[in-house]
Protein chains: 2
Amino acid sequence: MATTNTTATDGVPFIDITREFDAPREIVWRAWSEPELVKQWLGPNRYEMVIEEYDVRDGGRYRYVHKDPDSGNEYGFHGVFHGTPSPDSFVQTFEFEGAPGHVSLEKLVLEDLGGGRTRAVMHSVYQSVEARDAMVASGMETGLNEGFARLDTLLESLTSPVH
Amino acid sequence: MATTNTTATDGVPFIDITREFDAPREIVWRAWSEPELVKQWLGPNRYEMVIEEYDVRDGGRYRYVHKDPDSGNEYGFHGVFHGTPSPDSFVQTFEFEGAPGHVSLEKLVLEDLGGGRTRAVMHSVYQSVEARDAMVASGMETGLNEGFARLDTLLESLTSPVH
């Protein structure tokens, strides 16, 4: 499996993540921008994923809920897309509904590596270093890696010739 | 005139601003959240201010344009309000349309100082230290101070007894 590189430098409120995918840039972009594909990979393995809204345009909102089938707990997330969404710049705010008004600002850039491969470069900015540290401490990396592994599988199905 | 304290610490992407106003918190909040009042003070002195949209609710958009009457140049700004807007937490994104997709995240808290006085505490987060530095270098403080001086005058008119 490909490696996820996560950087969270002391004293600045950033999280920087890179991950390579064995699929062309336009396919990776579809998996990130089309809700019926996003719901197949985003988030930890153990939750059911429900996307209520995913309106990819400047000022468009999204909201999704991770549902824990064991406990019945639900975790809602929402935000707003900014700028003109494209593989060169996909900017959105991100808010966990368990901590309303605490917002981070996320940017994704998809780099064409040639040979049908793509690097996702993610830059997140938090309102404080403490909020950034809390996100890192929350175990986000596990959920991220589980999601990216499912994304690998999804991308493989999207790029395979139909038999 | 009251002093505006601006802090932009080296190496972190924050701008922190505090300013005291000689008006009760609920009046200062009105001046910040009602577009017909906002248009009377926000921005540098020399521009005409046109507010096209100012929808103060979670996910609501705003857009305004500063028009330079001498050159005819127009400078557009827009963003989205986040969380439940209140004097305790007024969170919004901010984007200058001359640099699309470059977004900052702004938070305002209005503190009741007693005796009919209020302190505005503003915390801005940029996507990079370089973007923060460019904002500081743009002469934002002049525009800010001109706007706050007009806000002082507006607050005085809103708090004065009608003769």
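1. **Ground rules.** This is a predicted model, with local features needing pLDDT of at least 70, side-chain atom pairs counting only at pLDDT 80 or more, and totals for chains, interfaces and linings using all residues. Residues are numbered from 1 along each chain as its sequence is written, chains are lettered from A and ligands numbered from 1 in the order in which they are written, and side-chain values use heavy atoms, with hydrogens and water left out.

2. **How the chains meet.** On chain B, 25 residues are in contact with 25 residues of chain A, where contact means heavy atoms within 4.5 Å. The area buried between the two chains is about 1,800 Å², and carbon and sulfur atoms give 63% of that area. Buried area here is the accessible area (1.4 Å probe) that two parts lose on being put together, summed over both.

3. Between chain B and chain A the count is 1 salt bridge, a salt bridge being a side-chain nitrogen of Lys or Arg within 4 Å of a carboxyl oxygen of Asp or Glu. Asp58(B) forms a salt bridge with Arg61(A), and the closest N and O atoms are 4.0 Å apart.

4. Strands β5 (74–86), β6 (89–96), β7 (103–114) and β8 (117–125) of chain B each supply at least two residues of the side that touches chain A. Strands (E, at least two residues) and helices (H or I, at least four) are DSSP runs, numbered from the N terminus. The residues on that side of chain B divide into 10 nonpolar, 11 polar and 4 charged. In this scheme Ala, Val, Leu, Ile, Met, Phe, Trp, Tyr, Cys and Pro count as nonpolar, Asp, Glu, Lys and Arg as charged, and the others, Gly among them, as polar.

5. **Aromatic pairs.** The count comes to 30 aromatic pairs over all chains. Rings of Phe, Tyr and Trp (its six-membered ring) pair if their centres lie within 6.5 Å; planes under 30 degrees apart count as stacked, over 60 as edge-to-face and the rest as tilted. Tyr62(B) and Phe81(B) have ring centres 5.3 Å apart and planes at 45°, so this pair is tilted. Tyr62(B) sits in strand β4 (residues 61–67) and Phe81(B) in strand β5 of chain B, 19 residues apart. Phe77(B) and Phe94(B) form a stacked pair, 5.5 Å centre to centre with 25° between the planes. Phe77(B) is buried at 12% relative accessible area, and Phe94(B) is buried at 17%. Buried means under 20% relative accessible area, exposed over 50%, and partly exposed in between (1.4 Å probe, protein chains only).

6. **Gly59(B).** This glycine lies in the loop between β3 (48–54) and β4 of chain B. Gly59(B) is buried, with a relative accessible area of 10%. Not counting residues up to four places away in sequence, Gly59(B) touches Arg61(A), Val80(B) and Phe81(B).

7. **Salt bridges overall.** The whole structure holds 25 salt bridges over all chains. Asp133(A) and Arg132(A) meet in one of 2.9 Å, N to O; Asp133(A) is partly exposed at 37% relative accessibility, whereas Arg132(A) is buried at 2%. In chain B, Asp133(B) forms a salt bridge with Arg132(B), the closest N and O atoms being 2.9 Å apart.

8. **Thr4(A).** Thr4(A) is in strand β1 (residues 4–7) of chain A and counts as buried at 12% relative accessibility. Its side chain makes polar contacts with the side chains of Arg19(A) at 3.4 Å and Asn145(A) at 2.7 Å.

Technical notes:
Polar contact = N/O pair within 3.5 Å; in protein donor to acceptor, adjacent residues only side chain to side chain.
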